[in-house]
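Have the sequence and the model open beside you.

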Amino acid sequence: MRNRSVYAWAVALVCFLVLMIVTPAIPQSQEYHNFADHRTFFGIPNALNVISNFPFLVIGLIGLVLCHHGNYFRLSLQGELWGWTCFYVGVAAVAVGSSYYHLKPDDARLVWDRLPMTVAFTSIIAIFIIERIDERKGMISIIPLILAGIISIVFFDDLRPYALIQFVPCIAIPLMAILLPPMYTHSTYWLWAAGSYLLAKVLEATDEVIYEWTHHIVSGHTLKHLCAAMVPVFLTFMLAKRTVEPERQSLLKTWRVSWTKFREGNSKVESYTYSYSNVQTVEPQ
């Protein structure tokens, strides 16, 4: 089992190195800092892009309190507690780092915007490993994954490592949520969270378009912050509502069973309707 883990990490490292060799570097575009909404309110420059980070602070602090106050989330594994703690610390820190960046957007401040998000992304991957693969491996992976995320931002003048850290979880988490048997109920909240983050990226890409559509009321980037804040909101609801899954089966298997029952139910209804129609059309002798 240990050899398999070493092999998996080695394969991941080789894939990363190959990707770095065969693909061109991606420098940070200076156009990225030119957001649509530059308005100042109450003396705050880029006010809505700054203020819209506040929900991250609220949900991050709430999550931390519920993790450690009487174990409200009923976390049964030590690794889970560490993983969710790192996640909520990252979420709360997003409010600080992103606000600092949006006050005066530039490359130097962008680092502080992305660092907390990276901590949150990598913590989620570790949590998935703990809950759905192996507790010990997941717990051991928390610090290496977070360090990998930090290194991808601080030591690389290239967006490729950061892009991997950000977008691999976007693909891996929904797939793992669907294919791997969960330890707990309410796994569909993972998909709601993934959908919210995907929508947030769409809003980010259409920053200026949305600003024009709304007649300069709100920009896509402001809405992106609010939509991204729904990710920890959905996951917090999941933690509050879930219980230990007595029969561990993947969402894919659950959906297949539900679809089979649905088809069987439709078949019975159609058969009954057909039989009833035949009876009605039979004339009395």
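**Exercise 1.** Which residues are buried in helix 8?

*Solution.* A word on the model: it is predicted, so local features need pLDDT of at least 70, side-chain atom pairs count only at pLDDT 80 or more, and totals for chains, interfaces and linings use all residues. Residues are numbered from 1 along each chain as its sequence is written, and side-chain values use heavy atoms, leaving out hydrogens and water.

Step 1: pick the buried positions (under 20% relative accessible area, with exposed over 50% and partly exposed in between; 1.4 Å probe, protein chains only). They are Tyr189, Trp190, Ala193, Ser196, Tyr197, Ala200, Lys201, Leu203 and Glu204.

**Exercise 2.** At what angle do helix 8 and helix 10 pack?

*Solution.* Step 1: the angle is about 170 degrees, and the axes are 8 Å apart. Axes are lines fitted to C-alpha atoms, for helices over the stretch in contact (heavy atoms within 4.5 Å), and angles run from 0 to 180 degrees between N-to-C directions.

Step 1: helix 8 is therefore roughly antiparallel to helix 10 (over 145 degrees).

Step 2: on helix 8, the contact includes Ser196 and Leu199; on helix 10, Gly220 and His221 are among the residues involved.

Definitions and conventions: Helices (H or I, at least four residues) and strands (E, at least two) are DSSP runs, numbered from the N terminus. Angles under 35 degrees count as roughly parallel, over 145 as roughly antiparallel, 65 to 115 as roughly perpendicular and the rest as oblique.
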